[in-house]
Amino acid sequence: MRERAIRDRSDESPHDRSTTDPAGAAHGRADRADRLSALVPRLKRICGGDGVITDASRRRTYESDGLTYHAEVPGVVVLPTTAEQVAEVLGLCAAEGVPFVPRGAGTGLSAGALPRTDGVLVTTSRMRRVIEVDPDNECAVVQPGVANLDITRAAAPYGYYYAPDPSSQQVCSVGGNIAENSGGAHCLKYGFTVNHVLGLQIATPQGGLVRLGGKAPEAPGYDLIGAFIGSEGTLGIATEATVRLVRTPQKVTTLLAAFTGMDAGGEAVSSVVAEGVLPAAVEMMDALSIEAAEAAVACDYPEGAGAVLIVELDGPAADVDADAAMVRRLCERAGAFEIREASGAAERARIWKGRKSAFAAVGRISPAYIVQDGVVPRTALGEVLGDIARLSAESGIRVANVFHAGDGNLHPLVLFDDAEPGAGERAAEVSGAILDLCIRHGGSITGEHGVGVDKACSMPRMFTPQDLETMDLFRRAFDPAGVANPEKLLPTPRLCGEVPGVRKDVHPLVAEGRAEQF
Amino acid sequence: MSGEDQQARVEADGAVGALAASGVPVRPGADRDAVGGVVPRWVAEPADADGCAAVAAAAARDGLALVPRGAGTKIGWGAPLRRCDVVLDVSALNRVDHAAGDLVVEAGAGTPVEDLADVLGASGQRLPVDPVVPGSTVGGVVATGLSGPGRMLYGPVRDLILGMTVVRADGVAASSGGRVVKNVAGYDLGKLHAGALGTLGIITSVTFRLRPVPPAAHTVSARADDPARARELVASVQRSHTAPTAIEVDRPAAGAVTVHVLLEGPKDGIRARADEVSSLLPGSSVSEDLPEGWGELPGGPGDTLLKLTSPPARLPAVLDALAEAAPDAGPLPVRGSAGSGVLFSALPSATDPVNAVRAVASLRARVEEATGGHGSLTVLDAPRPVHDAGLDPWGTVPGLPLMRSIKKNLDPDGVLSPGRFAGGI
């Protein structure tokens, strides 16, 4: 059985680069390829011979990030070990008008690290040092390639942890988290990466190294840290981060409540919010995703559950006990037919097992699937889930729902058989229609996976041309030459066709005769 | 005023017609409208965001300098303006759209924070931003990025912003973010406008994430003999499992340091937590009320208001520096978040302006040295004579070239609150 995760592509025309390039572009490409080869010796001087990959088969291993549907072999890959090397590489790219694409661990799900054949892929995988853990100031200083979970491992002996916990936290890098403003299951209470970074050192697209903030909060001037986080590699590369550490909670209690249907589960969530309880996490799974999880990991969720709700509470023991009693009452009132409660690590892990395996588990019940990432106001969840069920019934495409119920972040898994002609396209249509639902309800096209290439062409569905133009003005303040992860995050005519409102004046490098637009 | 500015002013003099053409009520500026001593030529009072855009567009056509204003409680903050032709009063932008079930509110920039609190409180919710300066509007709090004690748990005000709509210098309205608590689509430009003192755009509405009002709150307070002891007390609470909302220090000009710990949460657990904190702070008292002066800025009218940041463990060095900063004024009063490392202080209004400038410079140098370069001192507000005596309100600002570049792209003619921000932005 083949497992393949691809994502929504219905809302944009398929963009096969080889066919969408206008005539004559091939010539420009050849020029750029020459320029790139000329760059290699200089890149080797900066990063060392072992820090530059030119071999075609080795370059191919970097052709995509976690969204494998989009792939392009990078022109050259560099693996710097210091901030200075990163800045020098970017300075060289700027001087030569060569685009660069930053890459952390490559776990992103929006093709934000999709390489370019005419560009340099700058990967931070050799910058993996936890420079300092400073429990007195409740922070740690790390290099960008450090895995998210390694910060918590380093802080744990002092009774601290790093709060953002994306599901890929074993491997995903802090630099990537910064680029994507990653959250995680517990962001309901603890917020996102942007709420946990005190300081950054960044290499700018013009080749400078700038320190912003540090161990003290709120450095004077504009909040460049806040604006940089979540910029998806379009404003430069974080070369060092000072992150906040959070005191390990005294007690963590996880409740699992089983309901016969999604409506009752949704009602329980609403009443928890209305009562003023703020859980660390609130997750929900529907019958289909429960079925998949059972098949994959035998998570032993209550038999006959049409919906499973997982609520995690953490904090001072007395507060957690009080809140847990409240959540239990509210779930019972909403019609939960079974409630399990766990405070020990092993028991809690058992409750989480099904949820954490859900995405991969879907491979057990479907040869292929698309993972969507959209957000609706929490109060619209019930209605939107109803709409998704209708969409699924009408199209005959099964949709499994796994979502962060506390913040309205949906991850519908659209199932299809990729051996069946046209099935992929129909699934993509359903996935796109789900995104439409999110927008119609005043939500967002992405809650945590980012825009990248994948949703760049969907941005105009959420933002006006003026909004996008303003974002572009901001972007160009950092990257006047347009070399930093180009064609990600904001729509471009080449990627999406004519996009009203996005600036179409001559690119500065084109004007200077140093680059061609294609 | 430079000759160039004079010239710009003269050229702009025929512009009232253009402003009137915006269709927005415009009146001549009066003394009470003065911004840092500069009386604007006009005050525009638009009824809504479209009116703001119309005024900005009209002002842009004539190169008029525009300064947005809410309740005007902090209108003099920052460096003195190079020019101030039009004050744009956003008071009428006070629409509140509260989505209680989603714990989200969108509020017009002119909404008084107290009014917003009333609306939210009716649903048992709140925006966890302390009312540091009474009478402030939503726009004013965001534009100054001013956060109080609760910042330690809930984050500074910028962390609570989900979305924002601003009018650009050229009169174009643009939004970023959204109305849902989780959203990573596009640049989070709201962060940039938070604390920008109206130099990058005119904030017209802000969407915030909210919190439920906690069922119970207790404050535990204790005296500390000296700054080092204060830090020990703070650190012991931070290392505990009591999850405080705020850890504040308060030292009046003449007096000892008091450490206040605010706990909030379910009724069932609050007493046990307060007892635990109390056991960590010898001689402490527990109260269900907030202490006097909670979250208020130290000093009084006409004082030079200072903001100091440091890594939390360097608190004693900063407190010591403040005690010795102005020999002729005695120890400076200080209040702020010992838990997060943001303190406020004030040089008395009676300080000779030249001495005030010197005191700021030497204090800044000492803070930077004592914090290994991590800390900073900025002057939030100072009387005109202190500015005129050569005050540098900002000190070294890393990333200034990037900031200038952002300003240049969003406000190429430099018409939004010119001169008010770091580096003369």
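**Close-up views of a predicted two-chain model**

**Figure 1. Salt bridges across the interface of chain B and chain A.** In this predicted model, the rule finds seven salt bridges across the interface of chain B and chain A. One of the pairs joined by a salt bridge is B:Arg168 and A:Glu469, whose closest N and O atoms are 2.8 Å apart. Helix α13 of chain B, residues 400-410, supplies seven residues, the largest share of the side of chain B that touches chain A. By class, the residues of that side comprise 31 nonpolar, 27 polar and 18 charged.

**Figure 2. Extent of the interface.** The size of an interface is often expressed as the accessible area lost when the parts come together. Chain B and chain A bury about 6100 Å² between them, with 61% of it on carbon and sulfur atoms. In chain B, the residues that lose the most area to chain A are B:Lys182, B:Val184 and B:Tyr187, together 16% of what that side buries. Contact involves 76 residues of chain B and 80 residues of chain A. Polar contact across the interface links 29 residue pairs, both residues at pLDDT 80 or more.

**Figure 3. An open sheet in chain A.** Five strands of chain A are arranged in the order β6-β7-β11-β9-β10, with antiparallel pairing. The edges are β6 (130-134) and β10 (209-213) of chain A; each has a single partner strand, so one side of each is left without a neighbour in the sheet. On average, neighbouring strands of this sheet are turned by 10° against each other, direction ignored.

**Figure 4. Pairing of β7 with β11 in chain A.** Strand β7 (residues 139-142) and strand β11 (residues 237-244) of chain A run antiparallel and are joined by four bridges. A:Val142 has A:Ala241 of β11(A) as its bridge partner.

How values were computed. Residues are numbered from 1 along each chain as its sequence is written. Chains are lettered from A and ligands numbered from 1 in the order in which they are written. This is a predicted model: local features need pLDDT of at least 70, side-chain atom pairs count only at pLDDT 80 or more; totals for chains, interfaces and linings use all residues. Side-chain values use heavy atoms; hydrogens and water are left out. Contact means heavy atoms within 4.5 Å. Buried area is the accessible area (1.4 Å probe) that two parts lose on being put together, summed over both. A salt bridge is a side-chain nitrogen of Lys or Arg within 4 Å of a carboxyl oxygen of Asp or Glu. A polar contact is a pair of N or O atoms within 3.5 Å; within protein, one must be able to donate a hydrogen and the other to accept it, and residues adjacent in sequence count only if both atoms are side-chain atoms. Helices (H or I, at least four residues) and strands (E, at least two) are DSSP runs, numbered from the N terminus. Ala, Val, Leu, Ile, Met, Phe, Trp, Tyr, Cys and Pro count as nonpolar, Asp, Glu, Lys and Arg as charged, and the others, Gly among them, as polar. Two strands pair if DSSP finds at least two bridges between them. Axes are lines fitted to C-alpha atoms, for helices over the stretch in contact, and angles run from 0 to 180 degrees between N-to-C directions.
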